[in-house]
2 protein chains.
Amino acid sequence: MKERSTGARARAADPPPDSAAPPSTAENELGRIIGSLGPKIRELRQQKGLSLQQLAERSDVSAAAIHKLERSGMVPTIATLMKLANALNRPVSYFVDEESVIDRPVVYTAAEQGRHVYTSKSGLELRSISGAYGRFFMAGAAAIVSPRADSGRKAMEHPGEELVYVVRGSLQFEVDGATHRLEAGDALHFRTDRPHRWCNPTAEPAEAVWMALRPM
Amino acid sequence: MKERSTGARARAADPPPDSAAPPSTAENELGRIIGSLGPKIRELRQQKGLSLQQLAERSDVSAAAIHKLERSGMVPTIATLMKLANALNRPVSYFVDEESVIDRPVVYTAAEQGRHVYTSKSGLELRSISGAYGRFFMAGAAAIVSPRADSGRKAMEHPGEELVYVVRGSLQFEVDGATHRLEAGDALHFRTDRPHRWCNPTAEPAEAVWMALRPM
DNA sequence: TCGGCCGATTTACGATAATGAACGGCGCAT
DNA sequence: ATGCGCCGTTCATTATCGTAAATCGGCCGA
């Protein structure tokens with residue numbers, strides 16, 4: 001039988017070069033990810049010491065199919081991929097995650113020159129590291145939270161999301177009734193339409209990168 | 001968008017007394033997720049005001065296939081799902097990822113346990129600090145960039161924004177022809193539809209908080 | 001040495017995902 | 001009205017995914 005040469009699936013029909021100028025990166029990424037799918041499955045299976053038929057039984061996918069996935073570059077339906085991912089105890093994103101599309105920047109903010117942002121909270125010092133709101137949806141600030149400072153008595157609720165990454169010291173968040181204690185290197189990501197509040201429970205100032213997303 | 005009355009987290013220990021829970025949730029989940037796939041695609045497409053053939057052209061998937069996916073419960077291969085997810089600016093996990101773990105609107109990431117993100121670039125190590133794209137529009141990662149590592153020869157462009165905050169070491173960005181050198185404490189915020197690339201020009205690894213915003 | 005056994009692989013075939021090309025329906029401008 | 005363009009849908013065809021069953025190969029014990 002013929003081997004499906006990896007990647008070269010491109011049909012002769014070349015899309016009109018005009019149109020929406022398809023980023024060629026997408027096609028490349030897709031082929032790369034699909035190509036890496038078989039090896040990933042094989043690696044996981046062997047790592048767990050499972051034979052083809054053992055995995056077949058666990059996942060309710062035929063051994064032949066798994067074999068062809070691993071060695072012949074067969075591309076599965078999402079259903080069988082989910083079965084396998086499940087049996088291998090991995091999220092589908094493990095095989096397919098293209099989150100790697102993190103790549104490029106444009107408003108530069110030097111360490112010392114960040115605009116000082118006024119806040120209603122005392123004990124919270126913010127230095128903006130993002131562009132003006134009009135142009136961006138994301139806003140970020142380098143934050144320094146004084147010891148014992150907090151967001152106030154009343155929990156806040158407003159549309160959007162926030163993501164906080166603690167660089168130094170520690171912060172405590174209460175979101176939706178649950179309490180989270182963040183140390184250096186920890187992060188918290190939450191929707192701000194849930195009641196939330198924060199505080200610095202320690203005697204040391206805390207340093208964090210604080211990101212907010214404006215509702216659109 | 002559906003807001004499941006969730007909260008499953010931090011709830012009083014809710015021991016699953018099997019009760020109504022049929023056999024293994026896995027089989028059920030699979031069917032449920034697969035079943036929700038069509039509606040999700042349709043909803044996204046209409047929300048963006050795209051016709052079947054417009055999406056077809058964008059995603060390089062035939063309009064007929066998309067139609068059958070949306071209305072006839074056809075289950076796609078992972079390849080076509082990726083094409084569609086890509087064209088709709090959603091990660092595959094948006095359609096498929098088990099919401100069992102993702103359902104919560106609050107995501108806490110401890111310093112050591114961040115999911116490692118697969119990247120095509122060598123010398124770039126990412127540890128996700130944000131929730132899954134399905135629930136959030138913001139994504140963030142703690143990044144470690146090896147000495148001399150770079151984003152590759154070709155600059156990328158696509159809608160969205162990014163914000164990078166350097167914690168340690170230094171990074172160099174080239175966006176739209178302009179070069180920016182970032183030291184610890186510096187930040188760069190830019191729209192990703194400009195051609196850009198990055199590198200670590202030093203002999204020391206660099207550490208940064210890397211944020212990305214997905215277009216809606 | 002010879003069978004059994006187990007693992008990976010291959011083969012043959014039915015099921016179906018994906019395509020390209022029609023087909024009717026609707027709005028809109030001439 | 002008439003024609004044009006765009007939309008969703010359906011149809012026939014092709015490509016290939018997935019399965020069951022057969023084949024090949026190594027390992028072990030009697």
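In chain B, strand 6 (residues 171–175) and strand 7 (residues 178–182) run antiparallel and are joined by five bridges. Strands here, like helices, are DSSP runs numbered from the N terminus (helices are H or I with at least four residues, strands are E with at least two), and two strands pair if DSSP finds at least two bridges between them. Please keep in mind that this is a predicted model, in which local features need pLDDT of at least 70 and side-chain atom pairs count only at pLDDT 80 or more, while totals for chains, interfaces and linings use all residues. Residues are numbered from 1 along each chain as its sequence is written, and chains are lettered from A and ligands numbered from 1 in the order in which they are written.

**Strands 6 and 7 in chain B**

- B:Glu174 has B:Thr179 of strand 7 as its bridge partner.
- Two residues lie between the strands of this hairpin, and B:Asp176 takes a positive phi near 55° there.

- Chain A contains five helices and 10 strands.
- Of its 216 residues, 36% count as buried (20 or more other C-beta atoms within 10 Å of the residue's own, with C-beta atoms placed from the backbone).
- Among contacts in chain A between residues at least 6 apart in sequence, 61% join residues at least 24 apart; a contact means C-beta atoms, placed from the backbone, within 7 Å.
- An open sheet of three strands has the order 7-6-9 in chain A, with antiparallel pairing.
- Strand 7 (178–182) and strand 9 (196–199) of chain A are at the edges with a single partner strand each, so one side of each has no neighbour in the sheet.
- On average, neighbouring strands of this sheet are turned by 15° against each other, direction ignored.
- Five bridges link strand 6 (residues 171–175) of chain A to strand 7 of chain A, and A:Gln172 has A:Arg181 as its bridge partner.

**Surfaces near the DNA**

- DNA strand D is surrounded by 18 residues, the closest being A:Ser62, A:Ala64, B:Ser51, B:Leu52 and B:Ala64; a residue is near a strand if its C-beta atom, placed from the backbone, lies within 6 Å of it.
- Two or more residues each come from helix 3 (63–71) of chain A and from helix 2 (52–59) and helix 3 (63–71) of chain B.
- Helix 3 of chain B supplies the largest share near DNA strand D, four residues.
- DNA strand C has 19 residues around it, and the closest are A:Ser51, A:Leu52, A:Ala64, B:Ser62 and B:Ala64.
- Near DNA strand C, helix 3 of chain A gives the most, with four residues.

**Nonpolar cores**

- The largest nonpolar core has 54 residues, and A:Tyr165, A:Ala208, B:Tyr165 and B:Ala208 are among those with the most contacts inside it; such a core is a set of buried Ala, Val, Leu, Ile, Met, Phe, Trp, Tyr and Cys residues joined through C-beta atoms within 7 Å.
- Strand 10 (residues 206–213) of chain B contributes the largest share of this core, seven residues.
- Apart from this core lies another, of 34 residues, including A:Leu69 and B:Leu69.
- Beyond its neighbours within four places in sequence, A:Ala208 is in contact with residues including A:Ala143, A:Val164 and A:Leu171.

**Strand 4 of chain B**

- Seven of the eight residues in strand 4 (residues 138–145) of chain B are buried.
- Strand 4 of chain B pairs with strand 10 of chain B in the antiparallel sense over eight bridges, and B:Ala143 stands opposite B:Ala208.

Note on methods:
Buried ≥ 20, exposed ≤ 12 C-beta atoms within 10 Å, placed from the backbone. Contact = placed C-beta atoms within 7 Å. Axes fitted to C-alpha atoms, helices over the stretch in contact; angles between N-to-C directions.
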